[in-house]
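The following note concerns the arrangement of secondary-structure elements. Please read the points alongside the sequence and coordinates shown below.

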Amino acid sequence: MSSAHIIFDQTADKVANRVNKMRTSAVRDLFAAASRSDIISLSGGMPDVSLLPPSAIKKAMKAAAEDDRAVALQYGSTDGRVETKRVFCDLMRDVGVRCKPEEVMITSGAQEALDLIAKAFIDPGDIILAEGPTYLGALQAFSAYEPDVRCIPFDREGMRMDLLEAELEKIGKGAAKFLYTIPNFQNPGGVTMSPARRQRLLELAEEYDFFVVEDDPYGRLRYDGGHVKPLKALNDQVVYLGTVSKVFAPGLRTGWVVAPKSFLSKLNLVKQGTDLCGSAFNQVVVEHYFTDTPWQKTLQKFVETYKTRRDAMLAALEKHFPPEATWTHPEGGFFVWVTLPEYVDTGSMLSVALEKGVTYTPGDGFFPGASAGQNCMRLAFCFEDPDNLEEAIRRLAAVIEDQLEL
Ligand code: PMP
């Protein structure tokens with residue numbers, strides 16, 4: 001019998017328990033719906049790659065396809081090309097972190113770094129600390145290894161250190177393996193951790209013996225206020241995750257980890273089984289982009305464009321949203337986090353919003369096991385132009401008004 005005749009799924013009852021517990025990402029699922037031309041999408045955190053100058057892309061691609069093709073088309077070392085690592089060391093220096101190529105590992109985006117860290121460091125039941133809400137891709141990466149993720153709420157100054165300390169006192173020294181944080185323009189919260197809290201977090205990490213994973217994809221996309229030093233600049237034990245996804249192109253799937261060498265050796269070990277090595281071709285393209293093209297000018301264009309879009313979304317929220325809604329005011333990044341009255345369920349409201357031609361990301365996906373956030377939503381302002389953003393917020397406000405108990 002050919003496989004085409006098999007009408008039952010032989011694999012259904014053989015799926016690993018941990019996979020049965022995993023949930024699909026609402027954002028990934030929404031990608032299909034968001035491609036409908038009448039829909040304005042506030043759901044995905046997609047950078048506007050149309051702002052990249054074609055000449056710069058061509059130049060970097062040409063170098064990989066011609067001059068450097070012998071290495072670009074070949075397998076490379078698991079931890080990545082040293083030339084690319086040097087480029088990332090330069091980028092780190094700009095944000096106040098000094099590191100050497102031996103302290104850098106190249107990954108397939110920050111997402112792979114999250115998976116490798118989880119693969120190398122999480123045993124089932126291990127306690128991991130994170131902001132609540134937090135990046136749903138991190139929750140997905142971690143959940144495959146079955147941790148117990150404890151969420152610490154944030155306010156305007158980032159993760160609440162008093163609540164973190166209370167949780168640490170409860171679980172005791174050595175009980176948490178690591179703390180995962182997005183200190184700049186958090187995804188999904190949009191908030192930034194203040195310098196004082198960064199300092200306090202590092203003190204607590206030492207006192208309670210856990211390591212800190214600092215995920216910083218948006219750090220260079222600041223629209224107001226001054227640069228805040230990364231945690232990594234304050235303590236070299238911090239594990240820092242960088243990516244070219246928001247400052248260049250997510251399609252190149254290139255990110256990096258800066259960490260002590262002994263930590264990287266564990267990631268190296270598990271990465272070998274994942275993909276042997278990342279794409280050398282993409283690393284060469286990234287190298288050329290950051291050395292031979294006016295990338296700072298392009299970054300400036302990204303910043304100006306996203307700032308205009310952020311301002312347009314905040315103005316539209318102010319104009320159209322009901323007084324029952326509250327939202328964050330990000331100084332950078334891609335996202336605004338909206339909180340509605342407790343009885344509103346943003347998950348079931350999404351189908352109504354889709355009918356009205358707007359999408360967003362429901363809040364519960366940003367909490368482990370969808371344990372909170374049912375009345376919240378993440379709105380991305382990065383991709384649509386200001387007129388569309390205003391129209392999207394107007395449509396969404398009408399959907400919300402219908403849900404309110406007046
Ligand atoms: N961390 C955060 C906080 C993110 O928002 C994202 C992308 N949305 C990632 C990691 C993954 O990025 P990359 O494209 O580098 O895998």
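**Note on sheet and helix packing**

1. Seven strands form an open sheet with mixed pairing, in the order 2-10-9-8-7-3-4. Strands are DSSP runs of E of at least two residues and helices are runs of H or I of at least four, both numbered from the N terminus; two strands pair if DSSP finds at least two bridges between them. The edges are strand 2 (104-107) and strand 4 (148-152), each with a single partner strand, so one side of each has no neighbour in the sheet. On average, neighbouring strands are turned by 20° against each other, direction ignored.

2. The model is predicted: local features need pLDDT of at least 70 and side-chain atom pairs count only at pLDDT 80 or more, while totals for chains, interfaces and linings use all residues. Residues are numbered from 1 along each chain as its sequence is written.

3. Strand 9 (residues 239-243) and strand 10 (residues 255-258) run antiparallel and are joined by four bridges. Thr 243 has Gly 255 of strand 10 as its bridge partner.

4. Helix 6 (residues 109-121) packs on the sheet and touches strand 2, strand 7 (176-181), strand 8 (211-215), strand 9 and strand 10. Contact here denotes C-beta atoms, placed from the backbone, that lie within 7 Å. The direction of helix 6 makes about 45° with that of strand 10. Angles run from 0 to 180 degrees between N-to-C directions, and axes are lines fitted to C-alpha atoms, for helices over the stretch in contact. Helix 11 (residues 261-275) lies across strand 2, strand 9 and strand 10, at about 25° to strand 2.

5. Helix 14 (residues 346-355) packs against helix 15 (residues 386-403) at about 135°, with the axes 10 Å apart. Helix 14 is therefore oblique to helix 15 (under 35 degrees is roughly parallel, over 145 roughly antiparallel, 65 to 115 roughly perpendicular, and the rest oblique). Met 349, Val 352 and Ala 353 of helix 14 meet Leu 396, Val 399 and Gln 403 of helix 15. These contact residues comprise five nonpolar, one polar and no charged (Ala, Val, Leu, Ile, Met, Phe, Trp, Tyr, Cys and Pro count as nonpolar, Asp, Glu, Lys and Arg as charged, and the others, Gly among them, as polar).

6. Helix 5 (residues 82-94) and helix 12 (residues 280-292) pack at about 40°, their axes 9 Å apart, which makes helix 5 oblique to helix 12. Glu 83, Thr 84 and Val 87 of helix 5 contact Gln 283, Val 286, Glu 287, Phe 290 and Thr 291 of helix 12. By class, this contact has three nonpolar, three polar and two charged residues.

Notes: Two residues are in contact if their C-beta atoms, placed from the backbone, lie within 7 Å.
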